[in-house]
12 protein chains.
Amino acid sequence: MSDHVYKKIELVGSSPNGMEDAVKNALARAKKTVRNMRWFEVAETRGYLEEGIIAHWQVTLKVGFTLDD
Amino acid sequence: MSDHVYKKIELVGSSPNGMEDAVKNALARAKKTVRNMRWFEVAETRGYLEEGIIAHWQVTLKVGFTLDD
Amino acid sequence: MSDHVYKKIELVGSSPNGMEDAVKNALARAKKTVRNMRWFEVAETRGYLEEGIIAHWQVTLKVGFTLDD
Amino acid sequence: MSDHVYKKIELVGSSPNGMEDAVKNALARAKKTVRNMRWFEVAETRGYLEEGIIAHWQVTLKVGFTLDD
Amino acid sequence: MSDHVYKKIELVGSSPNGMEDAVKNALARAKKTVRNMRWFEVAETRGYLEEGIIAHWQVTLKVGFTLDD
Amino acid sequence: MSDHVYKKIELVGSSPNGMEDAVKNALARAKKTVRNMRWFEVAETRGYLEEGIIAHWQVTLKVGFTLDD
Amino acid sequence: MSDHVYKKIELVGSSPNGMEDAVKNALARAKKTVRNMRWFEVAETRGYLEEGIIAHWQVTLKVGFTLDD
Amino acid sequence: MSDHVYKKIELVGSSPNGMEDAVKNALARAKKTVRNMRWFEVAETRGYLEEGIIAHWQVTLKVGFTLDD
Amino acid sequence: MSDHVYKKIELVGSSPNGMEDAVKNALARAKKTVRNMRWFEVAETRGYLEEGIIAHWQVTLKVGFTLDD
Amino acid sequence: MSDHVYKKIELVGSSPNGMEDAVKNALARAKKTVRNMRWFEVAETRGYLEEGIIAHWQVTLKVGFTLDD
Amino acid sequence: MSDHVYKKIELVGSSPNGMEDAVKNALARAKKTVRNMRWFEVAETRGYLEEGIIAHWQVTLKVGFTLDD
Amino acid sequence: MSDHVYKKIELVGSSPNGMEDAVKNALARAKKTVRNMRWFEVAETRGYLEEGIIAHWQVTLKVGFTLDD
C-alpha cells in the first residue's frame, strides 16, 4: 500500500429508505465508471420532506480509489 | 423557489430503535406545530447507555421550513 | 447594552439578483414578525442553477434581536 | 428520556460582572417564556470595552428544552 | 450528577451490517473492561469497499463513563 | 429527485469586478464540459492586490451536478 | 522538555458553583491516578438546569501529562 | 516568490453599501500604513440593522503583505 | 460606526486566579500601547499545572480596536 | 491571472520516507494526466504502522490547476 | 478487518530535529506499553523557541490500535 | 510564567527545500524585529508548482512572543 496514490471524489446519494441506502446508491452509480474504489467517508447527512414526511434521505460522501499506474 | 424565505430550527429527537427513528420522532413532533417543513440536516448523533447497552439514540437536526407570506 | 438579552434565529433568504439581495429578502420577511433586530451573521452562501445559469442565490444568516423585558 | 423531543434556541446574555453572570442573565430572561429548560451549551464568549476596561461580558449559548406533547 | 467526573475514550467499531451495528460492536468490546459507560458521541463514519461493494462500515465514537471515587 | 446521484467538483473563479462575477466566470467555464449542473456552494472568498488595489477577486466554490444514468 | 512524550486524556468535570470549579473537580479526581499532569485545555462548557436554575456546570477538558520513561 | 516572508493582519471594514465596499474600505485604510499588500481572505461577514434595515455591512478579512528585508 | 475600520490582534493573558483575570491581565497590558480598544473574543482557554494544582490559567483572546484616521 | 478558472482535485500520496515524499509521489502521479498544476494544499497527514514502526506516511492534498479555455 | 475494534489515544511527541522525528519519538515511547498499533493521525504541529531558534518541534498525534479480544 | 502576556502574529514562510525550512525562514525574518519569541503553531501548509514540480513550499504559522513590561 505504501506506493499507492489515491484520488477522492465527492458524491451525493439519495434514497427514500434511509442513510445507508443513500450511500449504497451513490456507490452503485460510481461503480459504473470508477475502478478500484477502496473507502468512503460520510461528510453530511440531510433529507427532504413532503407533507412533513421524509421523502428521501441524502448523504454526501467522499470516495477514495487507487489511481492505476 | 427563488422568492422564498426559510427559517431553520434546531431539534433533538430520541429513539431506542436507532438513528433514523430518532430523526423521525423529532419530525413527527415538529409537524404538530410547524407547517411547510422542507428539509433537515443532521448535526450530531449520540446515544445514552444503561448497563453498557444503548438505551436510546439521540440525533440533533436542523429543520428548514418556508415562512408563509 | 450591558443588560440586554438577545435571541438569534436562523433564516435562509433567496434572490435571483445576488447575495446581498438574498440577505435583504430574508430580513424584509423577518421584519414582519420580529421587532428590535440588531445584527446578522452570514453563515453560508449557495445558489441554484438552471441550464447552467444562476437561477437564484441563497444565503443562510443568523439574525440577533433584543428580547423585550 | 428516550421518548422526548427537545428544541434548542440560541441566546446571548450580557453582564458587567463576568461570564457566568452573563449566562445566568440569559437564562433568567428565557425562563419567563420557556418552560422545561434542561441544559445549555456555551458557544462563544466575548466582551465590550470602554476606556480599555471591560464594560460587559457577552456569552452566546444554546438552550435545550423539552417540547410538551 | 453534579459531583461526577467522567472520562471519555475514543473507539472505532466495525461491522459489515451498517452504522448502528458498528457502534454496538465497539460498545460490546468496551463493556468488557470499562464500567459505568453513560453515553457516546458519533465522531466519524466511513466504510471500506471490496469490488465496489461495502465490505464493512467503520464508526469512530467517543464514550463517556463515570470515574469511580 | 429521490433516485438521483450527484457529483460535486471544486472550482476557483476569478474576476476583477467582484465576488458574484467570480462565481459566474467559474460556472461559465464549467458549463462547457459539465452537463446538468444543479447548485453551487461558496467555500472561500479571497482577492489579490496590486498597488494596494484589488486586482481580482477569487472565489472557491463546489458545484453539484446530476450524474446521467 | 525536548525529549518528553506526553499523553492527553479527556475528562468532564461538574460543579454547582461554576466553570472553574468544574475544571478543578475533574483535575482533583484525575490526580488520584495520574502523575505528572502538566496542562489542560478547555474543550466545551455546558450546564444542566432544574426549574430554570443552573443545577451544575459541566466542563470538558483535555489533560496532558508526561509519560514516565 | 520562493524567498518571501509574509505577515498577515486581521482587519474589519464597514460600509453601508455592501460587502465588497466594506472590504475596499478596510484595504484603503490599511494602505496608509502597510506597504506591499498582496492578498486578502474574507473570514466573516455580518451587518448591523436599524429599524430592520441594514445600516452597514461589516467584513472581517485577513490581509497578507511582503515583509521587506 | 458605519465608517470605521478595526484591527484585531491576538493576545494570551495569564493569571493564577482564573479565566476572567487572565483576560483582564491581557487587556491591562494591551492598554499601555493600544488606543480605542472596543471588544474582545475568547478563542481558547487552558491552564498549567504544578503538583496537580492549577498554577495559572491562560486565555487566548482577539482584541478589536478602531484605527485612527 | 484575473481571468483564470481553476479546478481543485483531492489526492492521497504515500511514501515510506516521510511527509514531503508522500506529497511528491501524489504530484508525480497526477502530472501524468493533469496539465497546468499550479498549487497544492495539505489537508491531512497520517501514517500506517507495522510492528510499531512507520511503514508509510500518507498525505491528503488538494491540487489546483488551470482549466484550459 | 471487519470485526476489529480499535482504540485511539492522543500523544504529543517532541524532537529538536523536526516534525517527523517528533512523531517517531511519540511512537517509540508508546510502543513500550501499547501493542498492535496500526495508524496515527497528525492533529497539530508546533514548536518552542530559544533565542529565536527552534529548540524543539512538538507534534500532537492520535494513535489507533487494535483491542485484543 | 503566570504573569506574562503574550502576543501572537501570523506569518507565511517559503522555501524550495521543504516544510521545516519554510518555517525557519519565517522565524529568521521575524527575529530581526521581534524579541522574546517563545513558540509557533503551524496553521496551514501549501506549495506552488512549476511544470508539475514543487517550486517552493509555503507554511502559515502563528508566532507567540512575550510582551515586555
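This is a predicted model: local features need pLDDT of at least 70, side-chain atom pairs count only at pLDDT 80 or more; totals for chains, interfaces and linings use all residues.

**Entry 1: chain H and chain L.** Between chain H and chain L I get 4 residue pairs in polar contact, with both residues at pLDDT 80 or more. Next I looked up which element supplies the H side: strand β1 (residues 5-15) of chain H has the largest share of the side that touches chain L, with 4 residues. By class, that side of chain H splits into 5 nonpolar, 2 polar and 5 charged residues.

Then the overall extent. Chain H puts 12 residues into the contact and chain L puts in 16 residues. I noted a buried area of about 1,200 Å² between chain H and chain L, with carbon and sulfur atoms giving 55% of it.

**Entry 2: charges across H and L.** How many salt bridges does the rule find across the interface of chain H and chain L? It finds 2. I wrote down H:Lys8 with L:Glu10, where the closest N and O atoms are 3.5 Å apart. That counts as a salt bridge because the cut-off for such a nitrogen and oxygen is 4 Å.

**Entry 3: strands across H and L.** I checked how β1(H) sits against strand β1 (residues 5-15) of chain L: the two run antiparallel and are joined by 4 bridges. Which residue of β1(L) stands opposite H:Val5? I found L:Gly13 there.

**Entry 4: chain A and chain J.** On to another pair. Here 12 residues of chain A and 16 residues of chain J make the contact. The buried area between chain A and chain J comes to about 1,200 Å², and 55% of that is from carbon and sulfur atoms. I count 2 salt bridges by the rule across this interface. In one salt bridge, the side chains of A:Lys8 and J:Glu10 come together at 3.5 Å, N to O. Strand β1 (residues 5-15) of chain A gives the most to the side facing chain J, namely 4 residues. I sorted that side of chain A by class and got 5 nonpolar, 2 polar and 5 charged residues.

For the strands, β1(A) and strand β1 (residues 5-15) of chain J run antiparallel, with 4 bridges joining them. A:Lys8 turns up again here, with J:Glu10 as its bridge partner in β1(J).

Entry 5: Chain I and chain J don't touch either, with nearest C-alpha atoms 22 Å apart.

Methods: Residues are numbered from 1 along each chain as its sequence is written. Chains are lettered from A and ligands numbered from 1 in the order in which they are written. Side-chain values use heavy atoms; hydrogens and water are left out. Contact means heavy atoms within 4.5 Å. Buried area is the accessible area (1.4 Å probe) that two parts lose on being put together, summed over both. Ala, Val, Leu, Ile, Met, Phe, Trp, Tyr, Cys and Pro count as nonpolar, Asp, Glu, Lys and Arg as charged, and the others, Gly among them, as polar. Two strands pair if DSSP finds at least two bridges between them. A polar contact is a pair of N or O atoms within 3.5 Å; within protein, one must be able to donate a hydrogen and the other to accept it, and residues adjacent in sequence count only if both atoms are side-chain atoms.
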